Amino acid sequence: MRIAFIARAARFSPNSVGKDMAILAATRRQLQAMGYDCADIVAEDRPTANIGETDAYVSMGRSQDTLNWLGGYERQGIPVVNSTASVMLCNQRMLLTRVLEDEVAVPPHIGGNGYWVKRGYGSAETADDVRYAKDRREAERMAAELRERGIVEVEVRAHVPGDVVKFYAVRGTDFFRCYYPGDDGDWKFGSERHNGKPCHYAFDEDALRRMTARAADVANLDIYGGDCVIRSDGQPVLVDLNDWPSFARCRDEAAMAIAQRVEQRMSEKTTV
């Protein structure tokens, strides 16, 4: 069975082009080792008509043209990981948050600790696409500046104080990893001290895993990651959910899990 691979355009990978390519290449190597015929990786900005007959697509693409093109193959019953519908939902940040807030804890609209102003549609492409405002008035000014740049949809959510935790997971597998930004991930969450530094807020890692898995189920994401904030009471709040993160800290393990998920999706196709 033949599998095609679509790389993400550089504009959707600010400061992460090499990392994103690395996880896709590692996944391709893993699938090759499992005996699959793996096509060369093709950039989503290049013409894709010459890929040929394919049994599945493993795609990091985010452009609407790429998603429209892959959607045609999905309608023929060919698996695409992640599905085009899930990526389009992730592109619609405002809609995604509204969909998720009935299922998991997300940042509120009003708060007393500042606000985050974000591009409401598509991925952040510059540093100005995500900005912190000290109060509501400043947040409204920043939102207006984004709209002046032609970004019509702008999301404003209250800042949630606490510890940021980054997570990475693969649906349908046991793979789940979470880390504090800048930490090597080799110490236990909630431990009293690490290298002489004060501890973070203690939290239940299994509860975090269940919450993020629920969010992925709602969005129908197979390969996902994002950011949570752990509040002082230990409760997690989901602040970002992404399709296909780079898995830089756990790439080899992630590639094995992603290959397993791709195989599951292909098996589902053959048993329909």
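How many aromatic pairs does a search of the whole structure find? I got seven, bearing in mind that this is a predicted model.

I looked at Tyr57 and Tyr73 to begin with. Their rings form a tilted pair, 5.0 Å centre to centre with 40 degrees between the planes. Tyr57 belongs to strand E3 and Tyr73 to helix H2 (residues 64–74), so this pair ties together parts 16 residues apart in sequence. I also checked accessibility: Tyr57 is buried at 1%, whereas Tyr73 is partly exposed at 23%.

Next I turned to Tyr168 and Phe247. The ring centres lie 5.6 Å apart and the planes meet at 45 degrees, so I noted this pair as tilted. Tyr168 is in strand E8 and Phe247 in the loop between strand E13 (236–243) and H7, so the parts tied together are 79 residues apart in sequence. Tyr168 is buried, at 11% relative accessible area, and Phe247 is buried too, at 0%. Ring pairs also join these two with Phe175 and Tyr179 in a cluster.

Then I went to the nonpolar packing. Which residues touch the most other members of the largest nonpolar core? They are Leu31 and Phe247, in a core of 28 residues. Helix H7 gives the most to this core, seven residues. I listed contacts of Phe247 beyond four places in sequence, and they include Ile23, Val170, Ile223 and Ile258. Another core, of 24 residues, lies apart from this one, with Leu96 and Phe167 among its members.

Last entry: I found the charged end of Arg136 over the ring of Tyr115, 5.2 Å from its centre.

Definitions and conventions:
Residues numbered from 1 in each chain as written. Predicted model: local features only at pLDDT ≥ 70, side-chain atom pairs only at ≥ 80, totals over all residues. Heavy atoms only, no water. Core = buried A, V, L, I, M, F, W, Y, C linked by side-chain atoms within 4.5 Å. Buried < 20%, exposed > 50% of the residue type's maximum accessible area, 1.4 Å probe, protein only. Helix = DSSP H or I, 4+ residues; strand = E, 2+ residues; numbered from the N terminus. Contact = heavy atoms within 4.5 Å. Phe/Tyr/Trp six-rings, centres within 6.5 Å; stacked < 30°, edge-to-face > 60°. Lys NZ or Arg CZ within 6 Å of the ring centre and 35° of its normal.
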